[in-house]
Amino acid sequence: MPSSPPEPPVNRQTHNRPMSPSAARHHLGSLAKFLVIALLALGTVSLLLLALGISPATIAITLAKGSILSWQKFGHVLSIFSPLLLASCGLLFTFRAGLWNIGVEGQVVLGAIAATALLRQGSLGLPPGLVLCAAMLLAFVGGGLWGALAGWLKHRGGVNEIFGGLGLNFVAQGLILWLILGPWKRAGIASMSGTDMFARELWMYTPPGWRVAPAALALALAALLLSALLLLSTRFGLRVRAVGLNPLAAPLFAINPARTALAAMILGGGLAGLAGGLQVAAVYHRLLPPISSGYGYLALLVVMLANSRVSPVAPICLFFAALAAGAIQLPIALQLDSALSGVIQGSCVLSALFVHGWRQRLREAR
Amino acid sequence: MEISLATFLAAVAAMSAPVILAALGETLTEKAGVVNLSLDGAILLSAMAGFVVASSSASLPLGFAASAFTGCLVAAVLALIGVSLHQSQVAAGFALTFLCRDLAYFLGHPYARQQGPQLTTLPIPGLADLPFFGEVLFSHSLVVYASFLAIPCCLLFLYRSRWGLMLRCAGENPEACWARGIDPNRVRIAAVVAGGALVGLAGGAFSLAVKPGWGQPQGCEGIGWIALALVIFGGWKPLRVALGAYFFATLQLLGIHFQDAFPTVPAQIFQVAPFPLMIFTLILIHASRQSRGRLSRLLAGNAPKWLGRAYRRS
C-alpha cells in the first residue's frame, strides 16, 4: 500500500492553530464560516434548480412538509437520525485516530446480520426485552469484529484502511445476499425482498402514532453522550487524538499507536454495528439486502462536514436525516427524483472543504 | 450452456472495455500523486450526460464528447479542492462520488427508460474474417477498439514521453519536479483532468454501448470501485491494470456460467469477488516488502511516493 498514507481526515490547521486573541472572536469566526458554507452549498444547489426551471422555494417547502411540519413525519426523521447518529459517533473515534474508516458501511451490515442471527430464532422462551438487549449486544460485537478485521488488515497486512474497508463493504454485501438467498431464505421461496419477519414480540416497541422506537432514539443519544465523554474527557480520548495527530510522536508518550488505533476501530465498528442492529430490530423487523440504507456512507459525510469535532455531529445528523426523510415527498409531490437530498448533502461537504481551503490560503497569503 | 471459447473471450473483451478505460484514467491520476476516489459517481454522471446528450441530439459523437467533458469537470472539482487548495483528496473524492451519483439520478430522472442511440459493432473488414482472432479481437464496437488502443498509448505516454516523465515525477518527487522548473501542482491538475476524461468516456461507453440506456440503477454502479481496486491490484502499472481488468471480467462471466452448476450460489457473490482478491493482493504486496520470494516479486508494486499528499512549496 502507499507508503505515505493519505492525509488524516482531521484538518490540522484549524486544530493546531493557537487560540485566537479572544474566544468570542473565535466563535464569531466559526459562525461566519458556517454561514458561508451553508450559503455556498444551498446557493449552488438553488442555481442548479433554477437552471432546470424548478423553484427552490417549492423544493424547500416540500422538504419541510415531508420532514418537520408534522409529528408523524418528524418521527420518521428521528428513525433515520438514530442509526445515522450511532454510525457517526463510531466514525468520530476512527477519524480522530487518523483512520479513514470507509468500512463503516460493512460494519453496519454486519451489525444487522449479527442481530438477525439471534432475532430470527424467536424469543426462545426468554423475556423479549432481554432478547432485544442481547441482539443489540451481538450487533455491537458483529460490527466491532468487522472493524477489528479492517484494523488488523491495516496493522498486520499493510492494507490501507480505505481499500481494506471498501473491500470488506462489498464482502459484507455479498454475505447478506448469500444469507438472504441461501440459509436464511424465506420459507418456500428465496427472494430479494428479505428474510421472514421476526416474531411480533421482538419488534422494538413503537407507541401507536409514532414512527420511531423511543428505545432506539435513547440508545443513539446515550451513545453520543458516552462518545463525547470518552473522546473529550478521558485519557483514552486523548490517546486517540494523539495517535491521529502524530502517530510517530505518540510512542514517546508511552502510547501504542497500533493498539489505540485498533481500539478505535473496534469501538467505531461496534457503534456502527448498533446502527445496523436498530435497522433490523426497530425499523424493518427483518433482514433486507439494502438494510444499511447507505447510512454508513452518509455518516462519513456527516463526520467530514463536522471536521471530526464532536459538537456539530448531532445537528448535522438531524439536518441530513430531515433531508433524507423530506426527499421522499419529491417524487410524490413534484415528480422529481429523491436523490436531490444526496445532492444537497454532498454539496455541503464539498463547500466545507472549499471554504476550509480558501481560508487557509487567505491566511497564508497574509 | 455451451459456448465456444472465441465467443467467451469476445464477451470478456467487450465487458472489460469501460473498466479498462476507467482504470487507466485512474492510473494516470494516481501516477501523478492524486487519489481520485470520485470514480464511481463520475462514471454514473458521465453515463447519464452521454445518454441525455446523445438521445436529444441523435448524435453519438456528441454523446461521447459530453461524457468525456463531464468526467473532466468532476475531476477539475477534485483538482481544485485536493490539489490547488491542499485539502484532503480522500475527503473531496468521497464527497464527489456521492454527490455525482445522486446528481446523475436527479438530473437523469426524466430520461429514464427511454430509447436512445446505441453504438453498433463495427467488424474490421478483412481482419474480422480471421478464424478465432477475428471474433475475439476484430468484431467489436469502437469502444472496445478504444480500450485495446488505450493500453499501449498509456504505456508509451507514461514511460516513453517527456510529459509522462513529468507526470511520474510529480507523483514520486514533486520537490525534484519543482527544482527542474516545473510546477508539480500544475502537472497534477492536468493529469487529474486528463484521467477524468478517460473516466468520463468509460461512463459514455456504458450508457451508449455496453449497457445502453439510462435508468436507476443503470448497471454500472460499483464499476468505479472495481477500477480503483484494479489500479492497486495492477501495482500502478498500466499493462497489469489492464490484465487485471480482463482477469476480473473473466471471473464475473465464469460466475454467470457457473450459476448453472452451483444454483445455490447467487451471481452477486461472484460480483464481489474482485474485492477479497484486492485485499489479498495488498497483503502480498506488503509481505513482498519483507520477503523476496519469486511469487511476491511478481505481484509486488509500489505506490507513487507522494500519492495522496498535497504538495506545498516550502
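## A loop residue in chain B

In the loop between α3 and α4 (89-108) of chain B lies H86(B), where helices (H or I, at least four residues) and strands (E, at least two) are DSSP runs numbered from the N terminus. H86(B) is not a glycine, yet its phi is positive, at about 60°. Because 20 C-beta neighbours lie inside 10 Å, H86(B) counts as buried; a residue is buried if 20 or more other C-beta atoms, placed from the backbone, lie within 10 Å of its own, exposed if 12 or fewer, and partly exposed in between.

## Basis and confidence of the model

This is a predicted model, in which local features need pLDDT of at least 70 and side-chain atom pairs count only at pLDDT 80 or more, whereas totals for chains, interfaces and linings use all residues. Residues are numbered from 1 along each chain as its sequence is written, and chains are lettered from A, with ligands numbered from 1, in the order in which they are written.

The model scores ipTM 0.88 and pTM 0.88. For chain B the mean pLDDT is 86, and 90% of the residues score at least 70, pLDDT being the predictor's confidence in each residue, from 0 to 100. Where pLDDT is low, the predicted coordinates should not be read in detail.

## Overall build of the two chains

Chain A has 14 helices and 0 strands, and chain B likewise has 14 helices and 0 strands. The radius of gyration, taken over C-alpha atoms, is compared here with a globule rule of 2.2 Å times the number of residues to the power 0.38. For the 366 residues of chain A, a compact globule would have a radius of gyration near 21 Å, and chain A agrees with this at 21 Å. Chain B has a radius of gyration of 20 Å, close to the 20 Å that the rule gives for 314 residues, so chain B is as compact as a globular protein of that length.

Taken along the principal axes, the C-alpha atoms of chain A fill a box of roughly 70 × 55 × 35 Å, and those of chain B a box of roughly 60 × 50 × 45 Å. Buried residues make up 54% of the 366 residues in chain A, and 54% of the 314 residues of chain B also count as buried. Of the contacts with a separation of 6 or more, residues 24 or more positions apart account for 77% in chain A and for 76% in chain B; two residues are in contact if their C-beta atoms, placed from the backbone, lie within 7 Å.

## Helices of chain B

The axes of helix α3 (residues 60-84) and helix α9 (residues 184-210) of chain B come within 6 Å and cross at roughly 145°; such axes are lines fitted to C-alpha atoms, for helices over the stretch in contact, with angles that run from 0 to 180 degrees between N-to-C directions. The crossing of α3(B) with α9(B) is right-handed, a term for a near helix that is turned clockwise from the far one by less than a right angle, left-handed being the anticlockwise case. The residues of this contact divide into 18 nonpolar, 11 polar and 1 charged, where Ala, Val, Leu, Ile, Met, Phe, Trp, Tyr, Cys and Pro count as nonpolar, Asp, Glu, Lys and Arg as charged, and the others, Gly among them, as polar.

Helix α10 (residues 223-233) of chain B is mostly covered, with 11 of its 11 residues buried, including W225(B), L228(B) and F233(B). G235(B), which has a positive phi near 60°, follows α10(B).

## The contact between the chains

Chain A gives 47 residues to the contact and chain B 42 residues. On the side of chain A that touches chain B, α6 (128-157), α7 (161-181), α11 (295-305) and α14 (340-365) of chain A each supply at least two residues, and α14(A) gives the most, with 14 residues. That side of chain A divides into 29 nonpolar, 15 polar and 3 charged residues.

## Two serines of chain A

S347(A) lies in helix α14 of chain A and counts as buried because it has 23 C-beta neighbours inside 10 Å. Residues up to four places away in sequence aside, S347(A) touches A41(A), T44(A), V45(A) and L99(B). The C-alpha atoms of S347(A) and A64(A), which are 283 residues apart along the chain, are separated by 19 Å.

S293(A) is found in the loop between α10 (257-284) and α11 of chain A, and its phi is positive, near 55°, although the residue is other than glycine. With 19 C-beta neighbours inside 10 Å, S293(A) counts as partly exposed.
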